[in-house]
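Could you open the model alongside my comments and follow them point by point?

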Amino acid sequence: MATHFASPEQSGSRLATRSKIKSRRVLTKEEQSALSRRPVEVILAGMPYSEAATLFDMCQQNCRRRFFRLARLAVGRLSPTHRLEAPFDTHHVRVMRQHKDAWLRAYDQALEPITKSECPEPAAVSISDLRLNKAVEACLRHAGIRTLTDILNMTEDEFLNKRYLGKSTLRAIQDLLTRLGLSFKPSAVSDTLTTVERLAP
């Protein structure tokens, strides 16, 4: 059986790639936000999709798709005069460029965590309006959770027992509920313990 050895050039390039991956710094949340904001900025500034695609090292179709996905984040935060209905097209982009500052302001607000004042009726709040991490939002959707009320009607154990949901998702939801002054439904065990503590002399 023939044995293949890597040439010095191949070994060198692999080592260079490995060292590059190891030395890659983890971006902070602010740096990630600034990086994701760039496609919105340059396209609203008037840069064509072809040039933006070259700048961000992606194909033109993906660049366009990514821009509209990011633009959808801002829609709910805009005043009715600037709001546009999806799906967006070339005409919409022209209007968006005229109100560039309003769109960028709305986009920045859309990345901020949801506040208690924005969430008066949990039943009416859908998962997409909670401005969660996209991975967390996808896990909730796969688990069949569509609104904030679906979360509030579960105990922590029931939440963890659902498929696609794990401890990292639970932590993200606990942070969200604490910020909104809400909590999971108390479990039967904690109810029993509370009753015992109350009856204890």
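1. A word on the ground rules. This is a predicted model, so please read it with its cut-offs in mind: local features need pLDDT of at least 70, side-chain atom pairs count only at pLDDT 80 or more, and totals for chains, interfaces and linings use all residues. Residues are numbered from 1 along each chain as its sequence is written, and side-chain values use heavy atoms, with hydrogens and water left out.

2. Let me start with helix 4 (60-75) and helix 6 (residues 100-111). Helices here are DSSP runs of H or I with at least four residues, numbered from the N terminus. Two packed helices are described by the angle between their axes and the distance between the axes. For helix 4 and helix 6 the angle is about 80 degrees and the axes are 7 Å apart; axes are lines fitted to C-alpha atoms over the stretch in contact, and angles run from 0 to 180 degrees between N-to-C directions. Helix 4 is therefore roughly perpendicular to helix 6 (under 35 degrees would be roughly parallel, over 145 roughly antiparallel, 65 to 115 is roughly perpendicular, and the rest is oblique).

3. Which residues of helix 4 and helix 6 meet? From helix 4 they are L70, A71, L73, A74 and V75, and from helix 6 they are W103, A106, Y107, A110 and L111; contact means heavy atoms within 4.5 Å. By class, this contact has 10 nonpolar residues, no polar ones and no charged ones. Here Ala, Val, Leu, Ile, Met, Phe, Trp, Tyr, Cys and Pro count as nonpolar, Asp, Glu, Lys and Arg as charged, and the others, Gly among them, as polar.

4. The structure holds one cavity of 30 Å³ or more, and the largest cavity has a volume of about 40 Å³. On a 1 Å grid over the protein atoms alone, a cavity is a set of points where a 1.4 Å probe fits but cannot get out, whereas a pocket is an open set with protein on both sides within 12 Å along at least five of seven lines; lining residues have an atom within 4 Å of a point. Grid points are joined across faces, edges and corners, and a volume is the space filled by probe spheres set on the points. V40, L44, F67, L70, A71, A74, M96, W103 and Y107 line the largest cavity. Helix 4 gives the most, four residues, while helix 2 (29-44), helix 4 and helix 6 each supply at least two. The lining consists of nine nonpolar residues, with no polar and no charged ones.

5. The second largest pocket has another make-up. About 320 Å³ of space lies in it, and of its 12 lining residues R72, L73, S128, D129 and R131 are the closest to its centre. Its lining has three nonpolar, two polar and seven charged residues. Helix 4 supplies the largest share, three residues, and helix 7 (134-142) also gives at least two.

6. L78 sits in the loop between helix 4 and helix 5 (90-98). Is L78 buried or exposed? It counts as buried, because its relative accessibility is 5% (buried is under 20% relative accessible area, exposed over 50%, partly exposed in between, with a 1.4 Å probe and protein chains only). Not counting residues up to four places away in sequence, L78 touches R83, A102, W103 and A106.

7. V136, C139 and L140 of helix 7 meet T169, A172 and I173 of helix 10. That contact has five nonpolar residues, one polar and no charged.

8. Leaving aside neighbours within four places in sequence, its contacts include M154, T155, F159 and I173. F184 and M154 are 30 residues apart in sequence and 6.0 Å apart in space, C-alpha to C-alpha. T155, in the loop between helix 8 (148-152) and helix 9 (156-161), is buried at 8%.
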